[in-house]
Amino acid sequence: MLKQRVITALILLAILLPALFYPASTVPFAVLMLIFMAAGAWEWGRLNGFGQAGALGLGALCTALCAGSWWAGWLQQSLTTVWIVAGCCWVLGGVLLLRAGVVGWPHIPAAVRLIGGVLALWLAWMAVVQARNIGINFLLSVLVLVWVADIFAYFAGRTFGLKFTRNKLAPSISPGKSWEGVWGGMAGVVVLALVWSWADRHYGSSVSSFYTVLQSHGTWFLLLAAVFMAAMSVVGDLVESLIKRSVGVKDSSGLLPGHGGVLDRIDALLPTLPLAMMLSSFVHP
């Protein structure tokens, strides 16, 4: 299993890095992300009981939404209102879903579930491409935030889990997660934000990172936003876990051997990418 995970990771990096750092254009990166989101939409269809044809149709719908917004020039426009609406939906929807729990998912109308999933993937695609258009430093600072939150949460949970609290974070959804892990993830993201914004200033980065953009509104805003983003990355992770547990599967698919499916890898990014664009638009509308 470890060998399989390593091989898959190396293949993904060999595909992703050239597209990410391609100097002449952001088009290769946008196309690659579109393929990932379409695959995520196919997985979403399967998770919601669709057969192969229906799931492929959902992937085609997601592709059409992404391509249509690209053709319309939305990627080069300020989408402040879109990001605010998306952010509010993620915060309110995430809270409601987690409160309803595993048993609540099947009671949501199928059309709402299907449309909500495709829209989440479409918005994440627009957000990640706009972030890349701003600059690699900006995009990487958002992506690394999610990875650091996950890594710090894992080690903090392993080390301090249930030592300061009596209850798990969400035992019916993800029994392995603890509140100590959440706090550890938040602490890691705060350190990351302060170090990255300092590095931008010290090395005179030509493109501001997400953290430098936030800090231009004050260090207090940077710290609050970092904690909020870390919390929402947990929400994205828990929402996908809730859905998988409700339908009785371990992974969203087997598309990525050793890693599960695309949704398993981007669950925390689905809320954080639009939210990063929302918070940035508050500072620089």
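Colleague: Why does Trp74 count as partly exposed?

Modeller: Buried means under 20% relative accessible area, exposed over 50% and partly exposed in between, with a 1.4 Å probe and protein chains only. Trp74 has 34% relative accessibility, so Trp74 counts as partly exposed. This is a predicted model, where local features need pLDDT of at least 70 and side-chain atom pairs count only at pLDDT 80 or more, while totals for chains, interfaces and linings use all residues. Residues are numbered from 1 along each chain as its sequence is written, and side-chain values use heavy atoms, with hydrogens and water left out.

Colleague: Why is Trp122 called buried?

Modeller: Its relative accessible area is 13%, so Trp122 is buried.

Colleague: What makes the pair of Trp74 and Trp122 tilted?

Modeller: Rings of Phe, Tyr and Trp (its six-membered ring) pair if their centres lie within 6.5 Å; planes under 30 degrees apart count as stacked, over 60 as edge-to-face and the rest as tilted. For Trp74 and Trp122 the centres are 6.1 Å apart and the planes are at 45 degrees, so the pair is tilted.

Colleague: Why is this pair said to tie parts together?

Modeller: Trp74 lies in the loop between helix 3 and helix 4 (80-100) and Trp122 in helix 5, so the pair ties together parts 48 residues apart in sequence. Helices are DSSP runs (H or I, at least four residues), numbered from the N terminus.

Colleague: How do you know that Trp125 is buried?

Modeller: Trp125 has 0% relative accessibility, so Trp125 counts as buried.

Conventions
Helices (H or I, at least four residues) and strands (E, at least two) are DSSP runs, numbered from the N terminus.
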